[in-house]
Amino acid sequence: MNFAEIISKIKAGDALAFKKLYEHYAPKFKGIAFRYVGNENEANDLIQETFVKIYKSVNSYKGDGNFEGWMKRILVNSCLNYIKREKKYAFDFDTTLVEQPSTKWDSAISEMSFEEIVAVINRLPVGYKTVFNLAVFDGYSHKEIGEMIGITESASRSQLSKAKNKLKEELKKLNILSSIA
């Protein structure tokens, strides 16, 4: 997909170009939205909201950076705003890190399908899940996460650590990580 051409066509009002962009990215973005909200209908609503925002703000895209990354940032912000609106954040503000690295973690996860991983992640409390998604899947730093959702950098680290530990517990319940201490 030639983004420069698509962007110029969309800026010129070409609805077909925007439709192609939507059709290309909506399935991928739905997966991202679902990771955050854990509900297909809510994810679909967020995709619609995101693409409306993209359409309305495409003229503000100056060509700096990756266009897909720019769109994804709009999506993630839409998801975070949705979670805030619905008051679903529940953070555990004990900032004691409890990281317990394990080599078996990576091998167990690599054997799971994406759907299985998302199902386990959706069992996490919303605060843990949000930080986990932002850090692990979307690659944001703890500083960026803190700024995005209004917590400290150390709280973000702690939430991620606790999310990983909670995921290990969930995987143990499913006998996926039965031998991890």
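Modeller: Let's take H7. What covers its buried residues includes H2, H4, H6, helix H8 (142-149) and H9, with contact meaning heavy atoms within 4.5 Å. Keep in mind that this is a predicted model, so local features need pLDDT of at least 70 and side-chain atom pairs count only at pLDDT 80 or more, while totals for chains, interfaces and linings use all residues. Residues are numbered from 1 along each chain as its sequence is written, and side-chain values use heavy atoms, with hydrogens and water left out.

H7 is largely enclosed by the rest of the structure, because 9 of its 12 residues are buried (under 20% relative accessible area with a 1.4 Å probe, protein chains only; exposed is over 50%, partly exposed in between). The buried set is Gly127, Tyr128, Lys129, Thr130, Val131, Phe132, Asn133, Leu134 and Ala135. The end C-alpha atoms of H7 are 15 Å apart, which agrees with the 16 Å that its 12 residues should span at 1.5 Å a residue; the expected span is 1.5 Å times one less than the number of residues. Just after the helix, Gly139 takes a positive phi of about 75°.

Now to H2, one of the helices covering H7. H2 (residues 15-37) has 23 residues, but its end C-alpha atoms are only 29 Å apart, short of the 33 Å that a straight helix would reach. Where is the kink in H2? It lies at Ala26, shortly before the proline Pro27, and is about 45°; the bend is the angle between axes fitted to the seven residues ending at a position and the seven starting there. Buried residues of H2 include Phe18, Leu21, Tyr25, Ala26 and Phe29. H2's buried residues pack against H1 (3-11), H3 (40-57), H4 (67-85), H6 (114-121) and H7 (126-137). At its N-terminal end, Asp14 is the cap, with a side-chain oxygen 2.9 Å from the backbone nitrogen of Leu16. That is a polar contact: a pair of N or O atoms within 3.5 Å, where, within protein, one must be able to donate a hydrogen and the other to accept it, and residues adjacent in sequence count only if both atoms are side-chain atoms. Gly38 follows H2, with a positive phi near 70°.

H1 is next. Its buried residues include Ile6, Ile7 and Ile10. They sit on the same side of H1, because they cover an arc of only 95° around the axis, taken from the directions from the helix axis to the C-beta atoms. H2, H3 and H4 are among what covers them.

H9 (residues 153-173), on the other hand, holds Ser154, which is partly exposed at 35% relative accessible area.

Stepping back, the protein has 9 helices and 0 strands, where helices (H or I, at least four residues) and strands (E, at least two) are DSSP runs numbered from the N terminus. Of its 181 residues, 41% are buried. Over residues 92-103, pLDDT stays under 50.

Terms used. pLDDT is the predictor's confidence in each residue, from 0 to 100.
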